[in-house]
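This report goes through selected parts of one protein chain. The sequence and the structure are shown first.

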Amino acid sequence: MKKIYSTIIENSSLLLINYKQGKKNYSLLLIFSFLLSFSSHAQRVDFDNDSNLIYNPSFEQHLSCPQRIDPYGYMDEPTAWWQPTNGSADYYNNCGGKQCHVPKNKLGIQYPRTGESMVGIYTSLTDYREYIETELKEKLQKGETYRLSFWVSLSEFSPSAVATIGGLFTDKMISDTTRMMLTQNDIKVSQNGVKQKLATYYKPQVVNPYANVLADTLGWTKIEGEFVAEGGEKFLTIGNFYPAEQSNVVYPIGLRNILPGAYYYIDDVELYCLTCGKPKQIGDISITKTKDTTDYSVGKIIVLENIFFDFDKSVLLPQSYVELHNLINLLNSKPNMKIELSGHTDNKGKDKYNMQLSLDRAQAVYDYLILAGIDKKRLKYKGYGATQPIADNKTDEGRAKNRRVEFKILDM
């Protein structure tokens, strides 16, 4: 039934479907528009799946099964996706607990558009916001035209619906400790040298039209748009970047008004380059277009810049996915390379504790590589605590640099 439901729901005149599940009979009133569906498919540019620049586009890959909806929690289950603020995005999967299951869960009832998984975010009514973020397979090329698309479905538990959900591309990862709408804090310097932070709105490259309110609770609505890259964009953030008064908030009849804001499920994110020539065979591993000029000689030490852990823990966070797979790609391309992974901390805390934490984090990367198929004979790992700083531990910036995982090339 699930596959039939998902297929029917994406097309949309009136059709009543009766089906039986267990001892219960259900009736679904679905809206179809076969002509619109045919037209959109006729105009679509087809790409192979490997050309999609989004890792884990339908959220099927996951590090763990979600167990509960925590209003102050952190979404760390889906591979390569995370929340960039303290607004607690949610992950749903068939393997999850009652609150996070599909189709029925704590915040609504919906099947994923495809597969077994989807995510959910609050988008408006108040200034509270939730977002999801990912790192792209490769940086966007200046002057090239790209197409972003993703699908949303409004939870029937919402009191309202909005229009302006979109996708923002940035060259740097967004990381914000607030739970409010994301703003860009630009530092302005006046003529007399005074520095002042000014909050300005982010401008997503792709945004659903203001007049097209996303009010469908039964099916999935596609958000899609094209844009020309400035060059260097590496991260995608999805959500509502507009204040409520600019989001076209409406209150459709039939919603159950249980949740405090407009809540949307999200699935199937796709990003393709329309002008980059023949689609590239990227696969699961990031491929760099320019020649790799890194010195991979014996004794060389390379810092893994984007390996992330929870505070005082050794559990790898989803933000580490791209960096880890770039390392896997390197090791696969150089089958004779052997490395030693090393974990390091800043000088905060006791030496014994820091030494164990650094060892545990190095082992977490070691274990990940082995699970990815790298022969353990090619790998070693050690923890050095705070004994090998590369920056000044007296500053926050220096301590952040010292908290790192790196690898040393032992053999080629």
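## Helix H3

H3 has 13 residues, and the distance from its first C-alpha to its last is 18 Å, close to the 18 Å expected at 1.5 Å a residue. The expected span is 1.5 Å times one less than the number of residues of the helix. Helices (H or I, at least four residues) and strands (E, at least two) are DSSP runs, numbered from the N terminus.

The buried residues of H3 are Tyr321, Val322, Glu323, Leu324, His325, Leu327, Ile328, Leu330 and Leu331. Buried means under 20% relative accessible area, exposed over 50%, and partly exposed in between (1.4 Å probe, protein chains only). The cover over the buried residues of H3 includes strand E8 (132–135), E17, E18, H4, E19 and E20.

## Basis of the model

This is a predicted model, in which local features need pLDDT of at least 70 and side-chain atom pairs count only at pLDDT 80 or more, while totals for chains, interfaces and linings use all residues. Residues are numbered from 1 along each chain as its sequence is written, and side-chain values use heavy atoms, with hydrogens and water left out.

## The four-stranded sheet

Four strands form an open sheet in the order E17-E20-E18-E19, with mixed pairing. Its edge strands, each pairing on one side only, are E17 (301–304) and E19 (379–383). From one strand to the next the twist averages 25°.

E18 (residues 338–344) and E20 (residues 404–411) are paired antiparallel over seven bridges; two strands pair if DSSP finds at least two bridges between them. Leu341 stands opposite Phe407 in E20.

## Helix H4

H4 (residues 351–371) lies across E18, E19 and E20 and runs at about 160° to E19. Axes are lines fitted to C-alpha atoms, for helices over the stretch in contact, and angles run from 0 to 180 degrees between N-to-C directions. The 21 residues of H4 should span 30 Å at 1.5 Å a residue, which agrees with the 30 Å between its end C-alpha atoms.

Asn354, Leu357, Ser358, Arg361, Ala362, Ala364, Val365, Tyr366 and Leu369 are the buried residues of H4. They pack against H3 (321–333), E18, E19 and E20. After H4 comes Gly373, with a positive phi near 105°.

## Ser158

Ser158 is in the loop between strand E9 (145–154) and strand E10 (165–170). Its relative accessibility is 0%, so Ser158 counts as buried. The side chain of Ser158 reaches the backbone oxygen of Ser155 at 3.0 Å and the backbone nitrogen of Tyr263 at 3.0 Å.

Apart from neighbours within four places in sequence, Ser158 is in contact (heavy atoms within 4.5 Å) with Leu255, Arg256, Asn257, Leu259, Gly261, Ala262 and Tyr263.

## Cysteines

The structure holds two disulfides, a disulfide being a pair of cysteine sulfur atoms within 2.5 Å. One of them links Cys65 and Cys95, with sulfur atoms 2.1 Å apart, and is left-handed, at -115° about the S-S bond. Cys65 lies in the loop between helix H2 (34–43) and strand E3 (81–82) and Cys95 in the loop between strand E4 (90–93) and strand E5 (104–105), so the pair ties together parts 30 residues apart in sequence. Cys65 is partly exposed at 29% relative accessibility, and Cys95 is partly exposed at 32%.

Cys273 is joined to Cys276 by a disulfide, S to S 1.9 Å. The torsion about this S-S bond is about 75°, so the disulfide is right-handed. Both Cys273 and Cys276 are buried. The sulfur of Cys100 is 9.5 Å from the closest cysteine sulfur, in Cys95, which is too far for a bond; Cys100 counts as buried, at 1% relative accessibility.

Definitions and conventions: A polar contact is a pair of N or O atoms within 3.5 Å; within protein, one must be able to donate a hydrogen and the other to accept it, and residues adjacent in sequence count only if both atoms are side-chain atoms.
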